[in-house]
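Here is a short briefing on one protein chain. Please read it with the structure open.

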Amino acid sequence: MYQLEPIAALATAPGIGAIAVVRVSGEGAIEVTNRLFRGKDLTHQASHTAHFGTLRNDDGSIIDEVLVTVFQSPKSFTKEDVTEISCHGSEFIIQQILRRLMQEGVRLAQPGEFTQRAFLNGQFDLVQAEAVADLIASDSDASHRAALNQLRGGFSRQLKALRQQLIDFVALVELELDFGEEDVEFAHRDKLRQLMLDIRRVLHPLIDSFSTGNAIKNGVPTVIVGKPNAGKSTLLNALLNEEKAIVSDIPGTTRDVIEDELFIDGIRFRLIDTAGLRQATDQIEAIGIERTQQKMRDAALVVYLFDAKNVESGELQTAVDEVRASGKPYLLVGNKLDAITDATRELLETMLGEPVVWISAAKQTHLEELKSALSARVRTDAAVQTGSAVVTNARHYNHLTGTDNALARAVTGLDSGVTPDWLAMDLRVALQHLGELTGEITTDDLLESIFSKFCIGK
């Protein structure tokens, strides 16, 4: 455990408010704060106690009445001595406090520097540190749960234990290299093979969860497609409860992609209205249709909307078959429910071979049923339902796949009887990826890249 030079920053959101909190952390943080404080002697107070008093300028004039909370090392977020100064939320007061702290030798904190110090002092690993930023940025129930799961250890604790077992085996394989001219085997090959398979069994669900995790973190890209005049723009406007897209009886009105966000059951959906799918009549419409097809390829969920009143069964079946062939999760939505009979609905569902969500976008009928269907379609993913560990970070995904690829090569090599030096090479690569994932192996550039994305006061 070590303490670095004291740093300070505003820990609450900038701007005028009732209260602001200035955080100070590092060697001498309590003593420095005490030199500005008039009230109890902070250096003689117990950790995790709050004290009312005033902060003073060097001439003795009052800056503000404040409440100072004391956290003594190692019982703080950074594991350093920490004070948190709660003051009135005036920009002037905040700047005066920071100015006085700097006069006493405190440096302004860099983005994420408090969390970086917590990581360096072993408060948590790198995956958990990154989860702090994700938790702050979470804007839905799903993203909040995913970040909280990782902050509490998530998958990293399990991977660290497996990595240690692999280190033990690698040490034995490396020992064999010292006895290269003798036919000795210190690392039991069957146990090593079983360990590598066990690690891969842990990795595969995490790797597979990335597409879901990315959608949870950034919103589920949900593209609404269908023929012109199926009611796509009307549906988008109805779901958003605003006139986001131009609605017209003229086919091909929507020629570009229109996006907005909608929260359903704690999940953020990025709704994307697109140009109608048909043979283009001009170059501009052709570009819009190409963008529609690209959005379908990029989407996590496809909503195929069709006009139930004016539908040709063969054409509809062909369109639905193309949606199925894309391999994307999808919903079939029949519009203009009010214009067709129950018998027609049953006939269309029988022909398509699956249920259809029936709505009237113009009259806003059954929109809640559609929202429930959207939510249910996403929540079929077990990780979303159970709160299991979900990978939301591209850096984590790259290291997980790198580990898996290295272990796959090692298993293949083991089965084909490769020499210990080739086996050790693949195992070292796997250990490197696992170490960089959890932060047991780091570089200054890596830490700077990660923590520079944090807000200043965190």
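Strand 5 (residues 62-71) is largely enclosed by the rest of the structure, because 7 of its 10 residues are buried. The model is a predicted one.

**Strand 5 and its partners**

- Strand 4 (residues 49-56) pairs with strand 5 in the antiparallel sense, over 8 bridges.
- Within this pairing, A50 faces T69 of strand 5.

- Which strands build the open sheet, and in what order? It has 6 strands in the order 9-10-8-11-12-13, with mixed pairing.
- Strand 9 (258-264) and strand 13 (357-358) are the edge strands, and each pairs on one side only.
- In general, side chains in a regular strand alternate between the two faces of the sheet.

**Strand 10 and its neighbors**

- Is strand 10 (residues 267-273) largely enclosed or largely open? Since 6 of its 7 residues are buried, strand 10 is largely enclosed by the rest of the structure.
- Strand 9 pairs with strand 10 in the antiparallel sense over 7 bridges.
- I258 has D273 of strand 10 as its bridge partner.
- The hairpin of strand 9 and strand 10 has 2 residues between the strands. D265 in this hairpin takes a positive phi near 50 degrees.
- On strand 8, the pairing with strand 10 is parallel and covers 5 bridges. T222 stands opposite L271 of strand 10.

- Strand 8 (residues 220-225) pairs with strand 11 (residues 301-307) in the parallel sense over 4 bridges.
- V223 has V302 of strand 11 as its bridge partner.
- Helix 8 (residues 210-218) holds I216.
- I216 counts as buried because its relative accessibility is 8%, and the cut-off is under 20%.
- I216 and I267 are 51 residues apart along the chain, yet their C-alpha atoms are separated by 7.1 Å.

**Helix 7 and helix 16**

- Helix 7 (residues 189-208) packs with helix 16 (residues 420-438) at an angle of about 25 degrees. The axes are 14 Å apart.
- Helix 7 is therefore roughly parallel to helix 16, since angles under 35 degrees count as such.
- The crossing of helix 7 and helix 16 is left-handed.
- Helix 7 contributes R189, L192 and M196 to the contact, and helix 16 contributes P420, L423 and L427.
- By class, this contact of helix 7 with helix 16 has 5 nonpolar residues, no polar ones and 1 charged one.

**The whole protein**

- How many helices and strands are there in the protein? It has 17 helices and 13 strands.
- Of the 458 residues in the protein, 48% are buried.
- Among contacts in the protein with a separation of 6 or more, 65% come from residues 24 or more positions apart.

Conventions:
Residues are numbered from 1 along each chain as its sequence is written. This is a predicted model: local features need pLDDT of at least 70, side-chain atom pairs count only at pLDDT 80 or more; totals for chains, interfaces and linings use all residues. Side-chain values use heavy atoms; hydrogens and water are left out. Buried means under 20% relative accessible area, exposed over 50%, partly exposed in between (1.4 Å probe, protein chains only). Two strands pair if DSSP finds at least two bridges between them. Axes are lines fitted to C-alpha atoms, for helices over the stretch in contact, and angles run from 0 to 180 degrees between N-to-C directions. Angles under 35 degrees count as roughly parallel, over 145 as roughly antiparallel, 65 to 115 as roughly perpendicular and the rest as oblique. A crossing is left-handed if the near helix is turned anticlockwise from the far one by less than a right angle, and right-handed if clockwise. Contact means heavy atoms within 4.5 Å. Ala, Val, Leu, Ile, Met, Phe, Trp, Tyr, Cys and Pro count as nonpolar, Asp, Glu, Lys and Arg as charged, and the others, Gly among them, as polar.
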